[in-house]
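Below are some notes on the model you sent. They begin with the overall chain and then turn to one strand and its neighbours.

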Amino acid sequence: MEERTWWKEGVVYQIYPRSFYDSNGDGIGDLNGITQKMDYIASLGIDILWLNPIYKSPNDDNGYDISNYRDIMDEFGTMEDFDLLLKAAHERNIRVILDLVVNHTSDEHPWFIESREGEQSKKRDFYIWRKGKKSGSPNAGGLPPNNWGSCFGGSAWEYDEKSDSYYLHIFSKKQPDLNWENESVRDSVFDMMTWWGNKGIDGFRMDVITMISKVQTFPDGVVSESTNEKFRYGDYSPYVANGPRVHEFLQEMNKKVISKFDWMTVGEGASSKVEDALNYTGKDRHELNMIFNFEHMDLCKPCRGNNWKEIPLDLVGLKKIFARWQYALEGKGWNTLYWENHDQVRSVSRFGNDSKEWRVKSAKMLAVCLHGMKGTPYIFMGEELGMVNMPFETIDDYRDIASHNDYNEMLESGLSKEEALHILHLISRDNSRTPMQWTTEKNAGFTTGSPWIKVNPSYKEVNVALQENDKDSVLSFYKKLIALRHTCKTLVYGRFDLLLKDSKEIFAYTRTLDEEEKQSKLLVACNFTDKTVEFSESGQFKGENVLISNYEDSSAGNSSLRPYEAFIIKR
């Protein structure tokens, strides 16, 4: 029998603290705001709370640039506030996991400040410093050590005049990469993790953890021919993602820290394929419990690699990706299930239909489709309301550094301002970072002050207050779905089998659990279109055995699915 654990049976709720609830009127969400809303989180049936970074940070990348791992961001509150939050969660049987960001720090972290003092600094090797290439140019520093491009645009190397050297930053120049080859770096990270474990947290989501090991020769990367001349930097991913010592480092982390606690650990698996996931999450590997993969998110996403072209949803391709991960990890690893997070757009706008006519139905359909699969489901704040993408009017409305970089690159590649803004509306991370929509009051009840980012105007129709007592709302549907996962072991542990793999309209699959000579079988069916489509797979299932449906009169057992219809039925 497959090992049964709390993190397999739990449902995760992710909070972007800056945008959840502001308790003091400064326009920025905070820890006390989360604590004040803990009863709401508990009412959903949530088992695990994941907080995006809350540590001290100058906020170049909204908290993913950390200047002190053992202190709280000024805008979010104090360590005492965090202790109260943790206590409030645990009193409601909600576990709390934090974001672990240790591929890089802020350039304002004391380690980097000391490292920057020069080659004789004791912390010099905490980061990745290299001399530039000689270019024959009179410019100081010559050329960067290689041609790698930063994830946020431009070179991945920043020149430091004082030591005539470059430091590596895969992300912003204010996010220098740590040198995990240095044992002192690893010990410092492990000591910090242990400190948080002793404080009582329940695990970590690990930011770009698959990128901590770099190929030490730092070779040039392949340059994409489809990229505008100005942005022709080399691809760093083959030499950074899933690097040569990453499993050694994670096994050391597990031995020295993770194994000492009853933790849930989930890694952000940048560029990771199924084969990589088995190495990270295999039960005999002693590394992590699960990783996030991006294959389904990258499937139809406009980006510089396809010249920013808008791409329609490829349902056949989407099903192929989900099925590949379901089959490969069966009995060997464990899947993460998500449509949204702080780095993605709103799922109803991307995978569903955010029109007034179909928003509710398609939001419920997407929930059934995801939560019906095998793995741990993740809900991003507001997803349970069916929140939609934000109609920002100008580039000045955006706060995300990546969005501004993408916008500039789109203009350089020849797109008009209108075209660039249209693409940003489809891809910007700020779509998911707008304030949580609590009420119909000013600023959606998020703050009494001026919000740090604009509130989505949809809050007047989409908010907690309107949905809490509406039995047909998206919120009420999520509560039913989460409760179903808690009572139906087949939804948690049953084997996944895809049906109708070539259908361009229907995502359907079965879940089967064999226990003590008994078999439980479920059928999950989802129509991804606004048309009625033929569906005969539910013939062996009885209509009265519907466990959940987004139509009051489910058509389970019939020969068709209505627009955006979804149900789970038991044989």
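Strands are counted as paired here if DSSP finds at least two bridges between them. The model is a predicted one.

1. Overall dimensions. A compact globule of 571 residues would have a radius of gyration near 25 Å, and the protein chain has 24 Å, so the two agree. The C-alpha trace spans about 75 × 55 × 50 Å along its principal axes.

2. Content and packing. The protein chain contains 18 helices and 20 strands. Of its 571 residues, 59% count as buried. Among contacts with a separation of 6 or more, 69% are between residues 24 or more positions apart.

3. Strand β8 and its partners. Strand β6 (residues 129-130) runs antiparallel to β8 and is joined to it by two bridges; Trp129 has Tyr167 as its bridge partner. Strand β7 (residues 157-160) also pairs with β8 in the antiparallel sense, over four bridges, and here Asp160 is partnered with Ser165.

4. The β7-β8 hairpin. Four residues lie between the two strands, and Asp164 takes a positive phi near 50°.

5. Cover on β8. Are the faces of this strand buried or exposed? Ser165 and Tyr167 on one side of β8 (residues 165-168) are buried, as are Tyr166 and Leu168 on the other, leaving both faces covered.

Technical notes. Residues numbered from 1 in each chain as written. Predicted model: local features only at pLDDT ≥ 70, side-chain atom pairs only at ≥ 80, totals over all residues. Heavy atoms only, no water. Buried < 20%, exposed > 50% of the residue type's maximum accessible area, 1.4 Å probe, protein only. Rg over C-alpha atoms; globule rule 2.2 N^0.38 Å. Contact = heavy atoms within 4.5 Å.
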